[in-house]
Amino acid sequence: MPTNDWEDLMNGVFGPGGRLHFGGKSPDAAPSRPDTADEALARAQKQLEQAAARTGQARKAAEAADGRRLLQNSEALTKQLEDQAREIARLGQGLAREMERDGLLAPGQAAAASVPAAPKDTDAAFAAAAERQREALVGQREFAARLLAAFRRPFVLGRGQDEVKNVIVVAGKPGRGRHYALAETARALAAEGLLGGQVAWMDLALYPGPEQEKLFLQDLYAALAGPDQALVFENAGQCHPGCLALLAQLALAGSARLSSRYVLQKGILVEAGNALAPGAVGSLGAGGKYLIFLCPEGVRGLAEVLGAKFAAAVGDECEAQPFSGEELLAIAGRQLNELARRARERLGWALTVEAAAPGSGLADLAADKGRQGVGLLADFCQRCFAALAEYKLRGQAASAAALGRDEAGRVIVRFDGGAPLDLLAVLPGEYTGDLEAVKAELASIVGLDEVKDYVLRLQDNIAAQRRRAAAGMKTASLTMHMIFTGNPGTGKTTIARLVGRYLKAIGALSGGQLVEVSRADLVGRYVGHTAPLTQKVIQSAVGGVLFIDEAYSLWRGEEDSFGLEAIDTLVKGMEDEREDLVVILAGYTKEMEEFLEANSGLRSRFPNKIEFPDYTGAELLAITKINARGRGYRLAANCDGPLRAYYDRKQAENAAENGNGRMARNKLEQAILNQGRRLAAEPDAALDELQAGDFELDD
């Protein structure tokens with residue numbers, strides 16, 4: 001019995017100080033009538049019963065509290081044990097992979113060891129994962145729910161440990177947050193013990209030809225043997241058919257037989273041929289992975305490259321929908337909050353966003369970036385942080401910074417309530433030096449006004465398409481493959497080189513290199529040699545310009561099977577690499593017309609046909625002067641008339657045979673040689689002057 005209850009009982013019977021009394025009042029009060037002994041005992045008995053009841057309640061409360069504490073301790077202990085188990089499993093996976101690389105484990109056993117044990121209550125675990133997913137994602141509720149259901153499907157239907165968990169197709173246009181949604185969903189599932197690892201990504205565009213098949217197998221094996229249970233494949237349309245066939249077989253059957261035998265050396269598959277080797281790998285297994293394919297057109301688009309049987313094996317198709325205006329504002333708000341957090345932690349500045357009328361604030365500007373793709377929104381916030389960091393590096397002293405927009409739409413910053421500054425102005429601007437240099441070099445070329453005008457108009461078209469994209473409108477990709485026709489020496493190769501540099505400078509190509517080839521570089525010497533040879537040349541030119549001079553030589557008639565194979569391979573390569581490759585064919589006008597009939601799809605691939613005219617006598621004179629100046633010479637005044645008349649006569653006779661610009665170059669070299677002999681006889685003559693007699697214009 002608690003002490004307080006016992007004291008109350010004693011005081012009730014004996015009174016304070018231990019004196020016995022029989023009333024309910026203190027002894028100082030005058031009792032009206034003294035209690036009898038029976039009444040006093042009855043009252044004492046009642047008080048004892050009340051005290052006992054209170055004691056029982058207290059005991060029950062203490063037991064309940066002890067039970068709660070025991071339950072909490074048990075839950076904490078269980079969580080601690082689960083965390084330790086995951087850590088032990090992670091360490092075990094790493095050890096298993098090391099043992100597999102060293103040949104101590106059979107291939108695939110490390111991947112099997114990485115599959116976590118499913119939680120006992122998967123319904124509760126998926127409900128918790130859904131809550132995590134909702135907190136991480138803005139909008140796309142239906143897409144997110146479908147994605148989560150796709151990951152849940154094998155838990156409901158049941159799947160073997162070595163089978164494909166599920167084949168999932170994620171559809172929807174780029175910029176709708178597909179990558180982010182997948183990553184966050186996997187992170188939520190992993191946090192609840194429903195997914196081993198997170199997400200492994202494979203860009204299938206990295207394996208466009210047969211030369212990359214072995215690299216593809218090595219990368220695919222590493223992904224299948226790794227700890228991540230979700231494998232995501234994208235850009236299947238740009239992948240070599242041999243690689244796609246293996247992927248389709250893996251999705252359909254859960255394993256794919258390899259065309260050759262491989263052995264594992266330090267975690268890398270190495271071809272062993274047909275030799276019998278211990279631990280040889282003859283097939284790849286799914287190993288309990290989710291196979292996820294990203295394709296804007298969904299199952300329909302993948303069926304075209306992976307086949308109808310693959311489409312039948314797809315378990316779930318989840319399509320990302322466009323974000324609403326409110327959702328984009330919410331996403332922009334999250335990004336700006338993240339920007340403020342980084343500014344506080346890295347720069348020590350309290351960052352705020354100035355209030356503005358709807359549609360004119362910084363959040364609205366960020367949301368506009370999101371309409372072009374949520375990736376652009378993240379890039380915008382990264383640029384804002386980079387600009388703030390630049391101010392910090394330049395010694396800006398402040399405790400607070402406020403971001404906003406001015407009337408011109410620029411992003412401004414106010415430090416400690418000061419004057420507005422153009423935030424992004426401190427970042428280095430887009431480099432245009434090479435563009436200006438290319439334009440200057442193009443302008444210095446004599447003649448070819450129509451050709452130069454076409455090249456310069458490419459920039460206007462690309463700028464217009466970018467403006468359409470910024471406004472949320474559809475864009476039309478410009479086919480820039482070209483055919484240059486004309487006589488020798490009309491500047492086709494020179495312009496082709498400038499086109500490569502120019503397209504790189506305006507952002508139309510990622511590289512800008514010019515790869516010059518002829519028939520000998522594309523056509524093989526034996527059966528089966530031509531296609532790989534042509535494909536190798538195409539890959540070397542991706543990102544730049546592939547220039548094929550005398551392209552008509554590729555086709556020497558219906559009996560030229562090697563040449564036709566090179567043309568067919570070229571046409572396919574142009575289609576596969578259409579976003580980052582420009583092919584320029586050059587040759588004589590008549591011969592090129594015949595060449596375009598060699599393949600039915602060849603002419604349609606080259607909408608831009610540019611005729612290079614022969615140079616006039618005046619233009620050849622100008623070319624001669626430019627070349628002479630480049631070599632440190634000058635033409636005497638008496639050269640102009642005779643030299644121009646000479647060029648006019650030669651061009652009228654046979655411009656194609658005389659070589660146009662090549663004739664001017666050859667004539668200059670002849671004059672320099674003759675000047676040397678003349679200077680030997682005239683020591684006082686000007687060393688840099690070429691006279692009319694030096695050119696021997698009588699021939």
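Helix H5 and helix H6 (residues 178–191) pack at an angle of about 50 degrees, with their axes 11 Å apart. Axes are lines fitted to C-alpha atoms, for helices over the stretch in contact, and angles run from 0 to 180 degrees between N-to-C directions. H5 is therefore oblique to H6, given that angles under 35 degrees count as roughly parallel, over 145 as roughly antiparallel, 65 to 115 as roughly perpendicular and the rest as oblique.

The model is predicted, so local features need pLDDT of at least 70 and side-chain atom pairs count only at pLDDT 80 or more, while totals for chains, interfaces and linings use all residues. Residues are numbered from 1 along each chain as its sequence is written, and side-chain values use heavy atoms, with hydrogens and water left out. Helices (H or I, at least four residues) and strands (E, at least two) are DSSP runs, numbered from the N terminus.

On the H5 side, Phe 143, Leu 147, Leu 148 and Phe 151 meet Ala 181, Leu 182, Thr 185 and Leu 189 of H6, where contact means heavy atoms within 4.5 Å. By class, this contact of H5 with H6 holds 7 nonpolar residues, 1 polar and no charged; Ala, Val, Leu, Ile, Met, Phe, Trp, Tyr, Cys and Pro count as nonpolar, Asp, Glu, Lys and Arg as charged, and the others, Gly among them, as polar.

Another helix pair is formed by H11 (residues 325–347) and H13 (residues 374–393), and these two are therefore roughly parallel to each other. Their contact includes Ile 331, Leu 336 and Arg 342 of H11 and Leu 377, Phe 385 and Lys 392 of H13, and its residues divide into 14 nonpolar, 2 polar and 3 charged.

| Helix pair | Angle | Axis distance |
|---|---|---|
| H5 and H6 | about 50 degrees | 11 Å |
| H11 and H13 | about 25 degrees | 10 Å |

The sheet is open, with 5 strands in the order S2-S3-S7-S1-S8 and parallel pairing; two strands pair if DSSP finds at least two bridges between them. Strand S2 (199–203) and strand S8 (316–319) stand at the edges with a single partner strand each, so one side of each is left without a neighbour in the sheet. From one strand to the next, the twist averages 20 degrees. Strand S1 (residues 166–171) is joined to S8 by 4 bridges, and Val 169 stands opposite Glu 317 in S8. Helix H5 (residues 141–157) lies across S1, S3 (230–234), S7 (290–294) and S8, and runs at about 165 degrees to S8.
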